[in-house]
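Here is a short briefing on one protein chain. Look at the structure first, then read the notes on its salt bridges and overall fold.

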Amino acid sequence: MDPDAVRRSLEPTASAEEITGSTPARLHFYDPFVLSGVSIESAEHGRLLCSFIVAPRHASPAGYLRSGVTATLADQLGSAVFFCSGLRSSGVSVEISVSFVDAATVGEEIEVEGKLLRAGKSVGVVSVDFRKKKTGKLMAQARHTKYLAVSSKL
């Protein structure tokens, strides 16, 4: 496992100005917008534990965590689990599914745990659980399938 590779995969690729919209450059906007404020609590072989506090930028007008933010985190943090497993590439997403079982509101701290379920020669699967840190209650559960092969004969 290369902890630096995990951290590099989660570092924002945009500046604060790009995130806040005060400059015209909008490339690579959404991922840093969501990932800003996510902290890595633990990274070990096949497992990644992170947390974040739901910020107003993550929420709908009603104050609930947006499903798109959860899906983006499942994508980004799920991909980082492959780096935790010692792979040099996180591959290409084949499928991401998210089941939402509870809502989170602005100010709540969410714990996100990604676990490697399988990493074969060409396909890998990760599960990503979102829990309310205070109660441990499951908020959402995602499954992320990736194509891992470096090259293809297609």
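A salt bridge is a side-chain nitrogen of Lys or Arg within 4 Å of a carboxyl oxygen of Asp or Glu. By this rule the chain has eight salt bridges. This is a predicted model, in which local features need pLDDT of at least 70 and side-chain atom pairs pLDDT 80 or more, while totals for chains, interfaces and linings use all residues. Residues are numbered from 1 along each chain as its sequence is written, and side-chain values use heavy atoms, leaving out hydrogens and water.

**Fold**
- The protein chain contains four helices and six strands (DSSP runs numbered from the N terminus: helices are H or I with at least four residues, strands are E with at least two).
- Their order along the sequence is α-α-α-β-β-α-β-β-β-β.

**Burial**
- Of the 154 residues, 39% are buried (under 20% relative accessible area; exposed is over 50%, partly exposed in between, with a 1.4 Å probe and protein chains only).

**Salt bridges**
- Glu113 pairs with Arg47, with 2.6 Å between the closest N and O atoms.
- Glu113 lies in strand β4 and Arg47 in strand β2, so this pair ties together parts 66 residues apart in sequence.
- Glu113 is buried at 17% relative accessible area, whereas Arg47 is partly exposed at 22%.
- Asp102 and Lys137 form a salt bridge at 3.3 Å, N to O.
- Asp102 is in the loop between β3 and β4, and Lys137 in the loop between β5 and β6, 35 residues apart.
- Asp102, Glu108, Lys132 and Lys137 are linked in a network of salt bridges.
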